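Welcome, and thanks for taking a look at this one with us.

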Amino acid sequence: MSWFAEVWEKFYKAFLEKDRYLAFLKGFATTLEVSFFAVILGVALGVILAIAKYMAANHKGCRPLGWIANIYITIIRGTPVYVQMLIIYYLILTARGIPAIISGVLCFGINSSAYVAEIIRAGIEAVDRGQMEAGRSLGLSEMRTMKSIIMPQAVRNILPALGNEFIVLIKETAVIGGITVLDVTKVAMNVGNSNYAYLTPLLIAAFMYLAVVIILTKLLSMFERRLAKSDRR
Amino acid sequence: MIDVKNLHKSFGDKLVLDGIDEHIEKGEKVVVIGPSGSGKSTFLRCMNLLERPTEGSIIFEGKDITAASGKELNRIRQKMGMVFQHFNLFPHLTIRKNITLAPVKLGLMSQEEADAKAMELLSRVGLPEKADQYPAQLSGGQKQRIAIVRSLAMNPDVMLFDEPTSALDPEMVREVLDFMKQLAEDGMTMVVVTHEMGFAREVGSRVLFMDEGRIVEQNEPGEFFACPKDVRLKEFLSKVL
Ligand SMILES: Nc1ncnc2c1ncn2[C@@H]1O[C@H](COP(=O)(O)OP(=O)(O)OP(=O)(O)O)[C@@H](O)[C@H]1O
Ligand SMILES: [Mg+2]
């Protein structure tokens with residue numbers, strides 16, 4: 001058999017035989033789904049965290065909020081995601097009949113929130129201090145200045161970084177098979193198990209990750225360039 | 001209008017204002033000069049409580065505002081316009097929005113009223129055609145005139161200027177000073193930190209010299225520049241004149 005035919009045969013077995021490509025695509029859809037909802041949850045929790053940290057830094061009375069936020073972040077960053085995922089899975093699943101994918105979204109969402117909070121803090125910090133002073137000196141409240149003046153500018157710094165966080169999550173969720181979720185990596189492993197050949201299905205999974213990461217990175221830099229252009233208006 | 005009593009301000013253990021007593025009358029144009037780091041900006045920023053005094057009090061229109069906070073503080077600041085060295089226009093908003101944001105959000109005017117006021121003020125500085133442009137499209141001198149207009153839209157009782165022309169190219173200083181002079185002639189109460197001695201002489205009703213957190217000498221401008229008494233003021237004037 002020629003080299004090419006051999007490769008084709010392996011590819012055929014791993015991807016086309018028994019409509020396995022459907023399983024791959026479904027697995028990849030699951031990967032994207034988990035990442036997407038995790039990023040949404042991460043943003044929701046990250047906003048709360050960022051507000052807590054902002055209040056703690058700017059108002060003496062709110063210091064305890066900052067401590068709570070810091071403990072939360074320390075725990076998240078100080079323990080492996082995989083262990084967190086297993087803990088959440090057994091915590092939720094053994095108690096109720098909730099699908100494993102929910103545990104996955106919860107885990108990666110909580111994890112992401114620590115990074116999102118940091119992204120938001122940095123985005124706000126990058127807005128010139130003079131903007132807050134100008135707003136306050138006009139008699140606007142701190143809240144109103146934040147809402148009408150600081151945040152619209154901060155969002156321009158924050159959005160691209162959130163896109164990046166989504167891309168990071170797509171790769172990080174590859175361990176989610178550990179709690180029985182059929183993501184693309186788990187599908188590749190299953191195919192490997194039934195063929196006794198792991199390399200080809202794993203390469204296929206890797207290629208799918210790579211393709212989407214490259215596409216999303218491109219889209220993101222286009223988006224950033226458009227933002228930069230509207231900045232110069 | 002503004003009474004400053006025994007004002008002290010420290011940042012950490014660095015004493016920046018070391019006991020300032022000053023009274024600013026309605027309609028006065030007080031010019032503050034002094035070397036870099038002498039506390040001019042801090043003095044100005046204490047008046048509208050952008051900085052909290054460490055000791056002493058600020059009395060504005062008969063009321064002690066030193067401990068004001070929340071809504072009360074916001075109401076006081078509406079009456080004290082402030083103009084910054086770096087303009088601090090809102091880059092994401094059009095000029096019109098820059099001017100109308102505060103009066104509208106604070107419920108002082110409807111959007112239509114505010115728009116009309118903005119156009120009137122813009123015509124006054126000769127920039128009505130800029131209403132729908134963004135700050136990035138303007139020159140420094142135009143930006144600073146718009147920043148002054150933004151403050152004026154709130155109908156303040158007093159205007160505080162912190163080196164309004166220091167960040168400008170020389171050829172743009174004139175247009176900003178001319179507008180400030182107009183304001184002065186219209187009777188606005190003004191406190192101006194500046195290095196423009198010509199402006200101090202021409203427009204000031206009183207000139208204060210600050211050094212190391214104190215007002216070392218003050219006088220009406222003629223006398224102030226003609227026969228300065230303090231050694232440090234003499235030295236300072238010999239450098240800037
Ligand atoms: N937020 C702050 N934190 C710490 N130190 C400060 C702060 N603001 C001002 N200072 C210090 O206080 C001193 C007086 O500053 P201020 O800005 O009032 O001086 P200034 O007379 O306006 O000087 P310049 O002509 O350079 O603007 C300086 O030594 C400055 O470093
Ligand atoms: Mg200064």
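## A surface patch on chain A

Val7(A) has a relative accessible area of 38%, so it counts as partly exposed. Please keep in mind that this is a predicted model.

**Around Val7(A)**

- Val7(A) is part of helix 1 of chain A, which covers residues 3-16.
- A nonpolar surface patch is formed by Val7(A) together with Trp3(A), Phe4(A), Trp8(A) and Tyr12(A).
- Together, the residues of this patch have about 620 Å² of accessible area.

**The shell around ligand 1**

- Chain B surrounds ligand 1 with Phe11(B), Lys14(B), Val16(B), Pro35(B), Ser36(B), Gly37(B), Ser38(B), Gly39(B), Lys40(B), Ser41(B), Thr42(B) and Glu163(B).
- Sorted by class, this shell holds three nonpolar, six polar and three charged residues.
- Two elements of chain B, strand 2 (14-24) and helix 1 (40-47), each provide at least two residues of the shell.
- Helix 1 of chain B makes the largest contribution to the shell around ligand 1, with three residues.

**Polar contacts of ligand 1**

- The side chain of Thr42(B) places an N or O atom 2.5 Å from an oxygen atom of ligand 1.
- For Gly37(B), a polar backbone atom is 2.8 Å from an oxygen atom of ligand 1.
- Glu163(B) has a polar side-chain atom 3.2 Å from an oxygen atom of ligand 1.
- On its own, ligand 1 exposes 640 Å², and the protein buries 62% of that.

- Side chains of opposite charge can pair when their charged atoms come close.
- Over all chains, the structure holds 19 salt bridges.
- One of them joins Glu22(B) and Arg206(B), whose closest N and O atoms are 2.7 Å apart.
- This pair connects distant parts of the chain, with Glu22(B) in strand 2 of chain B and Arg206(B) in strand 9 (residues 206-211) of chain B, 184 residues apart.
- Glu22(B) and Arg206(B) are both buried.
- Arg206(B) also forms a salt bridge with Glu28(B), where the closest N and O atoms are 2.7 Å apart.
- Because Arg206(B) lies in strand 9 of chain B and Glu28(B) in the loop between strand 2 and strand 3 (29-33) of chain B, this pair ties together parts that are 178 residues apart in sequence.
- Why does Arg206(B) count as buried? Its relative accessibility is 13%, and buried means under 20%.
- Glu28(B) likewise has 13% relative accessibility, so it counts as buried.

**A network that takes in both chains**

- Glu51(B) and Arg45(B) form a salt bridge, with their closest N and O atoms 3.0 Å apart.
- Both of these residues, Glu51(B) and Arg45(B), are buried.
- Which residues are joined into one network by salt bridges that share partners? They are Arg129(A), Glu133(A), Arg45(B) and Glu51(B).

**A buried serine in chain A**

- Ser137(A) is found in helix 6 of chain A, which covers residues 129-137.
- With a relative accessible area of 3%, Ser137(A) is buried.
- Its side chain reaches the backbone oxygen of Ala134(A) at 3.1 Å.

Terms used
Residues numbered from 1 in each chain as written. Chains lettered and ligands numbered in written order. Predicted model: local features only at pLDDT ≥ 70, side-chain atom pairs only at ≥ 80, totals over all residues. Heavy atoms only, no water. Near = heavy atom within 4 Å. Polar contact = N/O pair within 3.5 Å; in protein donor to acceptor, adjacent residues only side chain to side chain. Areas by Shrake-Rupley, 256 points an atom, 1.4 Å probe, with all protein chains shown as cover. Helix = DSSP H or I, 4+ residues; strand = E, 2+ residues; numbered from the N terminus. Nonpolar A, V, L, I, M, F, W, Y, C, P; charged D, E, K, R; others polar. Patch = residues over 30% accessible without salt bridge, like charges linked within 9 Å, V, L, I, M, F, W, Y side chains within 5 Å. Salt bridge = Lys/Arg side-chain N within 4 Å of Asp/Glu carboxyl O. Buried < 20%, exposed > 50% of the residue type's maximum accessible area, 1.4 Å probe, protein only.
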